[in-house]
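Please look at the fold first, and then at the side-chain pairs that connect its parts. The text below goes through them in turn.

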Amino acid sequence: IDTNVVMEQQKSTLELNVIERSLPRGSDIALHFSTTKSQDDGAVWITCQAPLFGFGSSTGSVSCYGTNRPTNHSQRQSAALRLLSHMIREPFFNELRTKQQLGYVVGCSFLQRYIHNPNPTATAIMAPVEGFQAYVLSRKCNALEVKNRMDDFFLHYGTTILNQMAQSEFDAHVHALCRKMRKPLCTLGEEHSMYWNKILRDQVCYNATDQKQQVWEMKEELARAVESLKKEDVIDVYWNII
């Protein structure tokens, strides 16, 4: 954690004139708000955001992921992020929660948030900001130590576990995620939520003839994109965002 940015306990974000803050890639922000100085604990939440090329531009065709690159590029990146999140979740939990026993709250998952396009003349109204998030809440280690252990895990996972993963194990992860993605909706509420969110977010894509189409079968398209991935694709995405 970089203590260059510290939220003092006595000051609110409004008093500091902080409404929204962007951090350079690789930077950290430390929030100090505990009133119990004798308690040496810490919480760390790491967000690794994938690049969002071309968003804000008014030129070029915009894919369903808000970029002016081809749709299949954005789909493959999104598919690789989802597969990576699926693959790393269990090893992350086993190492930091079970073996190291850092804390009870330990997890990681695929991250998707939506932002509005700041350019009013651009084609896409909204686009998802996709990535990967990991979090640990510990009562026995301070935030700096927690972050260092998380960084050690990510380095080890990329250089050893992911790099040396057998093709059969990689294929098993692909099949498991695709099976999960293709699981039928169980209730009418789930179906309503999925389609209504697509409408609200203007989740569209452009086909080969640059015709605007609403994306109704995105889960199936993403599942096919996951099936087409190679291990090298996931490795490239991993080192690009970690």
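A salt bridge is a side-chain nitrogen of Lys or Arg within 4 Å of a carboxyl oxygen of Asp or Glu. By this criterion Arg182, Glu220, Arg224 and Glu227 are linked in a network. The model is a predicted one, in which local features need pLDDT of at least 70 and side-chain atom pairs count only at pLDDT 80 or more, while totals for chains, interfaces and linings use all residues. Residues are numbered from 1 along each chain as its sequence is written, and side-chain values use heavy atoms, with hydrogens and water left out.

The protein has six helices and seven strands; these are DSSP runs numbered from the N terminus, with helices (H or I) of at least four residues and strands (E) of at least two. Their order from the N terminus is β-β-β-α-β-β-α-α-α-β-β-α-α. With a contact defined as heavy atoms within 4.5 Å, 71% of the contacts between residues at least 6 apart in sequence join residues at least 24 apart. Of the 242 residues, 36% are buried, where buried means under 20% relative accessible area, exposed over 50%, and partly exposed in between (1.4 Å probe, protein chains only).

The salt bridges number seven in the structure. Glu220 and Arg224 form another salt bridge, at 3.3 Å, N to O; both lie in helix H5, four residues apart, about one turn of the helix. Arg182 is partly exposed at 34% relative accessible area, and Glu227 is partly exposed at 44%.

Aromatic contacts come next. A pair of aromatic rings is described by the distance of the centres and the angle of the planes. Rings of Phe, Tyr and Trp (its six-membered ring) pair if their centres lie within 6.5 Å; planes under 30 degrees apart count as stacked, over 60 as edge-to-face and the rest as tilted. The structure holds seven such pairs. Phe132 and Phe154 are edge-to-face, with 6.0 Å centre to centre and 80° between the planes. Phe132 lies in strand S5 (residues 126-138) and Phe154 in helix H2 (residues 143-162), so the pair ties together parts 22 residues apart in sequence. Both residues are buried. The rings of Tyr238 and Trp239 have centres 5.2 Å apart and planes at 85°, so this pair is edge-to-face. Tyr238 is buried at 0% relative accessible area, whereas Trp239 is partly exposed at 38%. Ring pairs link Phe92, Phe132, Phe153, Phe154, Tyr157, Tyr238 and Trp239 into a cluster.

How many disulfides does a search of the whole structure find? With a disulfide taken as a pair of cysteine sulfur atoms within 2.5 Å, the search finds zero. Cys141 is buried, at 3% relative accessible area, while Cys186 is exposed at 58%.
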